[in-house]
Each structure stands twice: as structure tokens, then as C-alpha cells.
Amino acid sequence: MSLVASHRNRDLTLLEQLSVGSDALGAAVAGGGSPVRGAVVLPTCNRFEVYLETDDPVAGRAAVIDQIERATALERDTIEAALATYEGDDAVQHLLSVATGLDSMVVGEREISGQVRRAHIDAQAGAHLSPLLDRLFQSALRTSRVVASSTGLGTSGRSVVSVAFDLASETVTWSGARALVIGTGALAETGVGSLLARGVMIEGVFSPSGRADEFGARHGIRALDREGLRTALSEVDLVLACSGGESIVLTPAMVAAARPDGDNPLTIVDLALHRDVAPGVAQMRGVTVVNLESVGARAPEESVGAIDAARSIVAHAVARFGDGEHARSLDPAVVALREHVFGLLERELARVQPAAGASEQTVAQADATEQALRRFAKTLLHIPTVRAREHAQAGESDRYLGAIRALYGIDVGIQDDACPAPEMDAAAESDADTTTHH
């Protein structure tokens, strides 16, 4: 199961508060006598999600909410209302959509796959990654690679960072500009590459968590302490702030002290979910702030064809993942039927997604419609899936395949260009070889 709050239906400020203490959340909910056997926490710049393996979804959800309530200043009712719950296929489908960039603020952005990988690694290092969640996250990362190589999704190179920098172009002359980076995570990695490609000189990197030395050595950038940060702030044209820490880094007082006359323009790109920049900085003379809200409002559209192809691959991967069983143990009828229904579901869900900046009423209505469609899909699949397995066990798969072909027009032969099963098999085998050798 998964508990989900994202930019699609929650305010970014609420997401920021939910993720306070997220580093310790997985170990806390999966430890001791907990009903949770495994937990993976995925906090990014525009989402907060928790994936659980548990036989008791109600108790698992309560354990997560208990921990968030202890770690944050949020009221329990607020936490309850913020977290949507997905179970079974819905949870699998959601993670695969997230990992492939289909659920991103900038559709198709590639940074999210690195963030999913980091969440997987962190759960493994923290010893709260169960075998089922391990397989789920490996499937998500594999599907992400297949989408990237088999569709045009994301080939435009658009990402949260690139869109933010395009917005910053209104106030920054890139070639020869001087920049400062705050943060050392996935967004900082992407940002450094993009800044260098634009001809920017990076004066230093500051990390509230103390990782500046390692990051700086890897990229040939000077690591800054807090005093060095203040000095550099007085000299640069641009700040990329994406630390993801839980405290403000740039305050109005610090910016005013570094740039007392306000005559030299300063552009700050703040992409941290836990904002690195205090709200008052944007009101200061000579300072322009580009933030996640700006990116969400101006994110470019990906091609319809690429998105449809990616959704087909996700639907196929969900069908192959199954209900806790390896894909090889699923008979072809079940895979074909599940893929057919999930494909229809994905297309319908795409039609009801609210646009960026939609009203709370519109978002709530879209959420209710999505839940109704998911319930309908589960109901539609239940009896045919049971019958398919009964026929498979009785050695009568051909009869069943003929029946679903006649009733639904489903052909078990899946076109490779729409749902590249061979590529997914090859990726799975590659992952298995890597695991074996490590």
C-alpha cells in the first residue's frame, strides 16, 4: 500500500510540513512489533509518499500518521485528510507512474527516477526494505528505463530545474554569470550540469547537512561554510537553492547584509520542498525568486503520443507485476486482461486530471472520480481474473483466451512497440545479474 500527497492535490506548504522527519519515518514505522514489515519513504520537491508492506492496511496507515503527528506540528485531522491511500494494483500503478515521470509537475522529467532510486537505497541501508517492496521498486526503476528508451517521453530534456532556469532567463544573462548552489542532492546534481552548460561560473556549494566537501570535490566546486556562504552571496548573480533541509537558509536579514544597497540584481531559484528561502526575500529590492509554484504554472506540455506510449508501458508493467507473484507465474490470460483494463483506466484518469492551479473543489471532484474509476476497475477484474486462474489450473487456458477475445476483443499477443515486454525482460535479467554479482 502507499500513502500519497503530491503537487496534484495538495499545497506545497503542506507537503513541506508532512516531510519533516521523513529520514526517520521508515525505520520508526517498520520497527519493533509493528504490523508494517517494510517501508520506503519518498519525499521530493513536490510530493510526499510512503510505501508499506503490511497485512493490516488500517494499522499501517495509523502507524505512519502517528509518527508524522509526533514529528511535525500538524493536527492529526490535517494529516489524515492529506494522505490518499492506494492498495494493491493501485499502489503499484502509482509508483510506476511516478518513477516514469508521468505524475511529475514537469511531465517526463528524469530527476524523479534518481529520487526513487535514492529512496530505495535509503530503505535498504536503513534495514526497513522488505523483499516485496524491493521487487516493487526494482520494477518501477526498470519500467522507468524502458519508458525512457522506448518512447519520446522526456526527450525534450525538460525538468523542474530546466523549466526553473528558463523562467530565470528573464533576469539572468547566463554566459559569464556567477552562481551559488545550496544543497547536494539530485536537484543539485542536475542543476550544476545545467549551469555549466549555460556558461555559468559556480562560486561554491553550501550544504546545511554538511555534505558540501564531498559534493564539491566530486564537481570541482569550492565547499562553503556558513561564513563563506554570506561572502559568496554578496558576489553572485544567481542562487540555486535545493537543499531539502528542514530550516530556512536565506533570510531577509542575511540577504540584506550581503547586498545592502540592493542595486545588483539577484535571482534565486528555490526548488526545495522545505524552502531554503524565507518568504520575505522575494519582496526585497533587486531580488527575484523563482519557486516550485512558478514552475508548476509554466511547465511545458509533453507530446500526447509519448504520454500514451508511456501509459501503455506502465499498464503492462502493472499487469506483469501481479498481486505479489512473479510475472512468470501469471498465465497469459490474466496478464492480457489486466493490461486491457489498466490501459483503459489510465486513459480515463488522464481525462479527469485537474489542471495546475485548479480550485479545491475541482481537485476534490477529480479525486472522487479517480477513486470511483479505480473501484470500478477492481470490480470488473475480480471475477474474470478468478475464472482465468481456474481455467489455467485446469489446463483450459485456450478456452478462456478464446472467450475473452470474443467478449473484449483482447488479443494476448501484445505489440512490442506499444508494450515492449522483451525489453522489460532483458532489463529484469540485467537487474538480476547485477544483484547476483553484488
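This is a short tour of a predicted model, moving from its confidence to one helix and then to one annotated cysteine.

Residues are numbered from 1 along each chain as its sequence is written, and side-chain values use heavy atoms, with hydrogens and water left out. Local features need pLDDT of at least 70 and side-chain atom pairs count only at pLDDT 80 or more, whereas totals for chains, interfaces and linings use all residues.

Begin by colouring the protein by pLDDT (the predictor's confidence in each residue, from 0 to 100), which averages 82, with 84% of the residues scoring at least 70. Select strand β3 (residues 47–54), where confidence is highest at 95, and then helix α18 (residues 421–437), where it is lowest at a mean of 55; helices (H or I, at least four residues) and strands (E, at least two) are DSSP runs numbered from the N terminus. Over residues 323–330 pLDDT stays under 50, and the model has 17 contacts beyond four places in sequence for them, a contact being heavy atoms within 4.5 Å.

Next, select helix α9 (residues 186–197), in which Leu187, Ala188, Gly191, Val192, Ser194 and Leu195 are buried, that is, under 20% relative accessible area (1.4 Å probe, protein chains only). These buried residues pack against α6 (111–125), α8 (160–168), β5 (178–182), β6 (201–206), α10 (212–219) and β8 (238–241). After α9 comes Gly199, with a positive phi near 80°.

Finally, select Cys45, in the loop between β2 (36–44) and β3, which is buried at a relative accessible area of 6%. UniProt lists Cys45 under "active site" in an unreviewed entry; such positions are given in the numbering used here, feature names are shortened, and annotations may be inferred rather than shown by experiment.

Terms used. Buried means under 20% relative accessible area, exposed over 50%, partly exposed in between (1.4 Å probe, protein chains only).
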